[in-house]
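Take a look at the sequence and the structure below. This report then walks through a few backbone and packing details.

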Amino acid sequence: MPFFFQQTQFNKTVASLDGLPEYDMPEIAFVGRSNSGKSSAINTLTNQKQLAYMSKMPGRTQNLNFFDVIRSKETVGFLVDLPGYGYAKTNKQISKSWDGFLGEYLLTRGQLKGMVLVMDSRRPVTDLDETMLIWFSQVHKPIYILLTKIDKLNRSEQAQALRICKEKIDKLNLSNKNIEIQLFSSSKKIGADVLSAKLQTWL
Ligand SMILES: Nc1nc2c(ncn2[C@@H]2O[C@H](COP(=O)(O)OP(=O)(O)OP(=O)(O)O)[C@@H](O)[C@H]2O)c(=O)[nH]1
Ligand SMILES: [Mg+2]
């Protein structure tokens, strides 16, 4: 079990850059399409049922939600749940808040250690995910891709999802080579220990 993140608590909801926590603590952003499974992944990682669903509360959906990672009663970092993209009508376009402070947060936040890019394993690397990969690669920080909901796939489909994901990323020929991919399921808690071990190294 992913004990390291078990003491994580909700800290705050942030709607603009000046609302960001002032601590200089490492942050890990969870990014991905709407409904890809970001909040569920945070719940699974922290072994809590409802923690990240707080972001579903009205008014919080276009905001950043910060969660304190607590070890021995001290905050050692933050998990940051971002709103999903993909609601915009034009498929190529990331919605307004992404052009605004969400995008700026990802590009300019010094203490941001990297991005967990969550994708539904049944649809690895959509056009919007490609846009995000290309765009975030500007900052040369690690990108950790979670192919989630693998409980919906059989073994060979899982292997295929992984292969398609790799191929699509290779095709993008990104200058950022710090990209890893992991299979995951929140429903079946598959891969939580691997994810936990990885993210500990970012804190
Ligand atoms: N079968 C299965 N369903 C999952 C898994 N992870 C998430 N879901 C379901 O997918 C839906 C979306 O999950 P969320 O975690 O809310 O997704 P999100 O990316 O946070 O969505 P937004 O915050 O709206 O962008 C919910 O109905 C979850 O129960 C998984 O590993 N397996
Ligand atoms: Mg969510």
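K189 counts as partly exposed because 15 C-beta neighbours lie inside 10 Å. The cut-offs are these: 20 or more other C-beta atoms within 10 Å of its own make a residue buried, 12 or fewer make it exposed, and partly exposed is in between, with C-beta atoms placed from the backbone.

This is a predicted model, where local features need pLDDT of at least 70 and side-chain atom pairs count only at pLDDT 80 or more, while totals for chains, interfaces and linings use all residues. Residues are numbered from 1 along each chain as its sequence is written, and chains are lettered from A and ligands numbered from 1 in the order in which they are written.

K189 is not a glycine, yet its phi is positive. K149 also has a positive phi and is a residue other than glycine. K149 counts as buried because it has 24 C-beta neighbours inside 10 Å. The table sets out both residues. Helices (H or I, at least four residues) and strands (E, at least two) are DSSP runs, numbered from the N terminus.

| Residue | Phi | Loop between |
|---|---|---|
| K189 | about 55 degrees | β7 (179-183) and α5 (192-200) |

Now for ligand 1. Its surroundings hold 18 residues, and G37, K38, S39, S40 and G84 are the closest. Here, near means a C-beta atom, placed from the backbone, within 6 Å of the molecule. Helix α1 (residues 38-46) gives the largest share of this shell, 3 residues.
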